[in-house]
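Please consult the sequence and structure below while reading.

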Amino acid sequence: MTTATLTIDLHAIAANWHMLNRMSQSQTGAVVKADAYGLGIDRVAPALAQAGARQFFVAIAKEGVALRRVLGPGPAINVFAGHMPGDAEKIKSAQLTPMINSVDQLIGHVETLPGHPFGLQLNSGMNRLGMDPAEWAALRDIALSQNPKLIISHLACADEPDHKMNAAQLNSFREMTAGLKIPLSLGATGGILLGTDYHFDLTRPGVGLYGGLPFADAQPVVTLDLPVVQIREVPAGGSVGYACGWIAPRPSRIATVSGGYADGLIRAMGNGATMTHNGKKVPVVGRVSMDLITVDITALPDTPTHLQLLGDHQTVDTVAGFAGTIGYEILTSLGARYDRDYLA
């Protein structure tokens, strides 16, 4: 086969949810935005629901509609972007719960969908989405009179446990929600790992479910095996790839594998990345192109039919390090051309 195989372990996703749930000391939801971080909500979301998740989070209403088709009635589906203009029918028909981010969103929601459930998002210091403390103080009584189902905020630096921003946001969130009897949520994966002070009534793990940092104890979820299309002998001084991106320092065996930036294997990876064969690492040489990557397999004693980029020996965060990015980007960039094999 000339198509790479992306294997997604649904058992591992469920196991990661259970581990984070045991840490949470509260209800544990699941973030499945961006098509379950690129791994497919049609397979991932039911596995999480079977594991016990009853609160799901997506980025936009369109994602919520797709998720409702998968999950059916029952689980709550919360929308981080809130109630945007034109979303009323999607929110109503799919029974979504928008996280209201501003006065304008609250007015629009109450006017177009009176009585429909909603939540509130507060800005505790990240300065991205949510109501600022002053805005919340002015709106609080009006918003509470409409019976919000959940109040959330989001941590900016939870993957850095010692960062002073964590405690500052915790204090801000506590001040803005003091005395309320409404369910509260602050911690995603990193927030769960910060400890029980950050858990409140509901945690919202995302990247940790899929094997990414900062959840270092996560079970690996994705394996990516790239088929070798051709192997050639390159003499010392011979060049490989666009712009003669690598010059062989010695006679070398070069494997060209099927995969490239059209498959989400971003071009910045290039020289310095490694793949593995039976646990032995071999270097990527030359530039990553649209459909092909070249790898120096001179050190291998045998001739591989596949090389592995992601798996037991290299995590999404390892690969992200090759490209100077983060595991989130690697996961959500994984392309549509792969043969996807789900372990269920």
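Leaving aside neighbours within four places in sequence, A36 is in contact (heavy atoms within 4.5 Å) with I41, V44 and Y210. The model is predicted, so that local features need pLDDT of at least 70 and side-chain atom pairs count only at pLDDT 80 or more, while totals for chains, interfaces and linings use all residues. Residues are numbered from 1 along each chain as its sequence is written, and side-chain values use heavy atoms, with hydrogens and water left out.

A36 is located in helix α2, residues 33–37; helices (H or I, at least four residues) and strands (E, at least two) are DSSP runs, numbered from the N terminus. With a relative accessible area of 0%, A36 is buried. Here buried means under 20% relative accessible area, exposed over 50% and partly exposed in between, for a 1.4 Å probe and protein chains only. L186 is 150 residues from A36 along the chain, and their C-alpha atoms are separated by 20 Å.

**Aromatic pairs**

A pair of aromatic rings is described by the distance of the centres and the angle of the planes. Rings of Phe, Tyr and Trp (its six-membered ring) pair if their centres lie within 6.5 Å; planes under 30 degrees apart count as stacked, over 60 as edge-to-face and the rest as tilted. By this rule the count is 4 aromatic pairs, including the two tabulated here.

| Pair | Centre to centre | Angle between planes | Class |
|---|---|---|---|
| Y37 and Y328 | 6.2 Å | 35° | tilted |
| F57 and F80 | 5.3 Å | 20° | stacked |

The pair of Y37 and Y328 links distant parts of the chain, 291 residues apart: Y37 belongs to helix α2, and Y328 to helix α11 (residues 327–333). Y37 is buried at 6% relative accessible area, whereas Y328 is partly exposed at 35%. Together with Y210, these two residues form one aromatic cluster.

R204 lies over the face of F57, at 6.0 Å from the ring centre; the criterion is NZ of Lys or CZ of Arg within 6 Å of the ring centre and within 35 degrees of the ring normal.

D87 lies in the loop between β5 (76–79) and α5 (88–93). Leaving aside neighbours within four places in sequence, D87 contacts A61 and G82. D87 is buried yet has no salt bridge, and K90, the nearest side chain of opposite charge, is 4.2 Å away. A salt bridge requires a side-chain nitrogen of Lys or Arg within 4 Å of a carboxyl oxygen of Asp or Glu.

Key
Lys, Arg positive; Asp, Glu negative; His and termini not counted.
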